[in-house]
Amino acid sequence: MKSAIYLSSLMLAAAGGWLTATMFPAPATGKEPRFPLLTMDQLSEAQKPLGEQIMKISSVGIGGPYNPLMRSPVLGQRLFDLFHYLRWETSVPTKLNEFAILIIGRQWRSQVEWFAHAPLAAKAGLSADIIAELKEGKRPSKMAEDEAVVYDFVNELTTTQKVSDETYARAKKAFNDQQIVDLTAVAGNYVMVAMVLAMAEETVPPGKEPPFK
């Protein structure tokens, strides 16, 4: 049940969903999509098992990062399983986990990541003020200590390629060792997802406003 909920959340966001009943559109430039959306009848024997898993939990097709990842089906399957852990089995509380994902989405100005995860972060209890300030590129001004630790830890690690002793000490007070490792992994994972989305020029569903202008 958790797996289905997780994967549905990954593919659906807010009212309209991350995906629509058709597909993500080509970029507004009018260019041909770098990775045309695959349908089940186009999948190779190597791709079908992953495609079938996705279709079992979604009636809206294959999209988002899965569309390009389907071109490397073994990698796609490994990531499908990793996403499950990092969303539903991780030791990091959901609110803080989604906050970490949003921090990466904002760093990369990833339209799809922000579109998908801002509603999930809000649903998990992250305040609207924190989400709004983060979207503006600001350090949110009214964070609880665990939220501030996540913000500083993720930002330091991804922008300076290290975590200072001071920030690590704060992390040790807020989280146990497993949580620190899982927090690091979710940040790194969504950098990878942002890279795949950027490379593939994936964008938000038709009729939806991109979060970043």
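User: Before we start, what should I keep in mind about the numbering and the model?

Analyst: Residues are numbered from 1 along each chain as its sequence is written, and side-chain values use heavy atoms, with hydrogens and water left out. Since this is a predicted model, local features need pLDDT of at least 70 and side-chain atom pairs count only at pLDDT 80 or more, while totals for chains, interfaces and linings use all residues.

User: OK, how many helices and strands does the chain have?

Analyst: Elements here are DSSP runs numbered from the N terminus: helices are H or I with at least four residues, strands are E with at least two. On that basis the chain has 10 helices and zero strands.

User: And what percentage of the residues is buried?

Analyst: Take relative accessible area: buried is under 20%, exposed is over 50%, and partly exposed is in between (1.4 Å probe, protein chains only). Of the 213 residues in the chain, 49% are buried. As for contacts (heavy atoms within 4.5 Å), of those between residues at least 6 apart in sequence, 69% join residues at least 24 apart.

User: Which residues have the most contacts inside the largest nonpolar core?

Analyst: The general idea first: in soluble globular proteins, nonpolar side chains tend to be buried together. A nonpolar core is a set of buried Ala, Val, Leu, Ile, Met, Phe, Trp, Tyr and Cys residues joined through side-chain atoms within 4.5 Å. Here the largest one has 47 residues, and Phe99, Leu102, Val150, Val154 and Leu183 have the most contacts inside it. Elements giving two or more residues to this core are α2, α3 (66-69), α4 (73-89), α5, α6 (111-123), α7 (128-135), α8 (145-160) and α10. The top contributor is α10, with nine residues.

User: What does leucine 102 touch?

Analyst: Not counting residues up to four places away in sequence, leucine 102 touches Trp114, His117, Ala118, Ala121, Leu126, Ile131 and Leu134. Ile131 and Leu134 are also among the buried residues of α7, along with Ile130 and Glu133. Those buried residues of α7 pack against α5, α6 and α8.

User: Now helix packing. How do α5 and α10 cross?

Analyst: Two packed helices are described by the angle between their axes and the distance between the axes. Axes are lines fitted to C-alpha atoms, for helices over the stretch in contact, and angles run from 0 to 180 degrees between N-to-C directions. The axes of α5 (residues 94-108) and α10 (residues 177-200) come within 9 Å and cross at roughly 35°. Their crossing is right-handed; a crossing is right-handed if the near helix is turned clockwise from the far one by less than a right angle, and left-handed if anticlockwise. On the α5 side, Asn97, Ala100, Ile101, Ile104 and Trp108 make the contact, and on the α10 side Leu183, Val186, Ala187, Tyr190, Val191, Ala194 and Met195. For classes, Ala, Val, Leu, Ile, Met, Phe, Trp, Tyr, Cys and Pro count as nonpolar, Asp, Glu, Lys and Arg as charged, and the others, Gly among them, as polar. This contact has 11 nonpolar, one polar and no charged residues.

User: What about α8 and α9?

Analyst: Helix α9 (residues 165-174) packs with α8 at an angle of about 140°, with the axes 10 Å apart. That makes the pair oblique: angles under 35 degrees count as roughly parallel, over 145 as roughly antiparallel, 65 to 115 as roughly perpendicular and the rest as oblique. The crossing of α8 and α9 is left-handed. Glu145, Ala148, Val149, Asp152, Phe153 and Glu156 of α8 meet Thr167, Tyr168, Arg170, Ala171 and Ala174 of α9. By class, that contact has six nonpolar, one polar and four charged residues.

User: Where is glutamine 47, and why does it count as buried?

Analyst: Glutamine 47 sits in the loop between α1 (2-11) and α2 (48-57). It counts as buried because its relative accessibility is 12%. Leaving aside neighbours within four places in sequence, glutamine 47 contacts Leu38, Gln42, Met70, Arg71 and Pro73.
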